[in-house]
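Student: I have a new model open on my screen and would like to walk through it with you. Could we start with the strands and then turn to the helices?

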Amino acid sequence: MAEKMTIYDIAREAGVAPSTVSRVLTGHSNVSAKTREKVQAIIDRRHFTPNLAAQALEQNKQRTKTIGVIMPEVTDHYSGKILCAATREARRLGYETLLFQLPIGEKYDIGEIVDQLIRRRLDGALYSGGVLEVVRADLPGALNRLMEYMPLVAISPPIAGINCTFLHNDLETTIYHAVQHLYMLGHRRTAFIGGARTMRDSGARACGYLRAVRELGLTDIPSYHGEGGFTAESGEIAVLRLFSETSAGHRPSAILAFSDLVALGALKQLHVMGLQVPEDVAIIGCDNTFFSAYTLPPLTTIDLYSEERARTAVNELINCSKESTPKPPFTLVRAPAFIVRESCGVMLGRRENL
């Protein structure tokens, strides 16, 4: 128990600022006798042993008016929207952002990245989780260590073992409704493309898809969800492999893509193969990327409100850095918006024998 306690835990229980706990630990005189006695009682009862590095940092810390942003490499529009919105909101409030990118497809030590944030003495950190990062076993330990030094807000579904504020979308339910939408249009063979290499690691989107397939009694064969990736090229490859490895009677009549970028590649490959969207194959993307309204046909997609979540995260971080009493972490879930356009075949109405 003692090993897991931090000055933030002590401060939260005592109802004081972490800096007050630090002053008590260092014997600083600028603490009332009553507060010192209350904090010390909790320290003694919890058998708390301070992290000396964190204690020194808290004692000497000067506000940098900067927050760190930890996220996968900004190679897609979704991540770019979060970063831009966070930066603009921070600047509006008189703060700057410092980006720490998690390499895609490369080995890296998350602990070293956390050390860099700690050395910068930032006012807080925003973590925007990617699908692959969430399954890392070393992530909870690294982020918990970071929270010994600064508040943390995550744009991510809750991660086991991390007690911070989480902001995320109910993507599982929304994807379920997307498959249900295709079902109501007559589709019984819907494939899922993109994401991690296995459905298990593809997060809430894959869970929503699989739940819909099973509850609605749709065709469920391995080839319908056997190809991953996060790029337009991966969408091309997925469609090529999907249609070349299945016989004509078993090819999907609808495709649900992990993202709009994956859907973009799928649209291109379907065109190359001489298939019409949505007459031959319906398709739905995710992210409501800027180009989704301009594809041919316009892409049905899901708006994740990424910019709004980024602004909310920045405001929470800055408020936490200013508050004398730590605010308990919370989880805020928002329902994404389903944006219906022509690519899903809604203009064709319900069809039979798809």
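**Strands and helices**

Tutor: Happy to! In this predicted model, strand E1 (residues 66-72) and strand E2 (residues 96-102) run parallel, joined by 7 bridges.

Student: Through which helix does the chain cross from E1 to E2?

Tutor: Follow the chain out of E1 and you are on a β-α-β crossover, a right-handed one. The helix on that path to E2 spans residues 77-92 and is H5.

Student: Which residue of E3 does Ile 70 stand opposite?

Tutor: E1 also pairs with strand E3 (residues 124-128), in the parallel sense and over 4 bridges. Within that pairing, the residue opposite Ile 70 is Tyr 127.

Student: Is E1 largely enclosed or open?

Tutor: Buried here means under 20% relative accessible area. In E1, 7 of the 7 residues are buried, so the rest of the structure leaves this strand largely enclosed.

Student: Now the helices: how are H2 and H3 oriented to each other?

Tutor: Helix H2 (residues 18-26) packs against helix H3 (residues 33-45) with the axes 10 Å apart and an angle of about 85°. Angles of 65 to 115 degrees count as roughly perpendicular. H2 and H3 are therefore roughly perpendicular.

Student: How many nonpolar residues does the contact of H2 with H3 have?

Tutor: From H2, the contact uses Thr 20, Val 21, Arg 23, Val 24 and Leu 25. H3 brings Thr 35, Arg 36, Val 39, Gln 40 and Ile 43. Sorted by class, there are 2 charged residues, 3 polar ones and, to answer you, nonpolar residues numbering 5.

Terms used
Residues are numbered from 1 along each chain as its sequence is written. This is a predicted model: local features need pLDDT of at least 70, side-chain atom pairs count only at pLDDT 80 or more; totals for chains, interfaces and linings use all residues. Side-chain values use heavy atoms; hydrogens and water are left out. Buried means under 20% relative accessible area, exposed over 50%, partly exposed in between (1.4 Å probe, protein chains only). Helices (H or I, at least four residues) and strands (E, at least two) are DSSP runs, numbered from the N terminus. Two strands pair if DSSP finds at least two bridges between them. A crossover is right-handed if, with the strands pointing away from the viewer, the path from the first strand over the helix to the second runs clockwise. Axes are lines fitted to C-alpha atoms, for helices over the stretch in contact, and angles run from 0 to 180 degrees between N-to-C directions. Angles under 35 degrees count as roughly parallel, over 145 as roughly antiparallel, 65 to 115 as roughly perpendicular and the rest as oblique. Contact means heavy atoms within 4.5 Å. Ala, Val, Leu, Ile, Met, Phe, Trp, Tyr, Cys and Pro count as nonpolar, Asp, Glu, Lys and Arg as charged, and the others, Gly among them, as polar.
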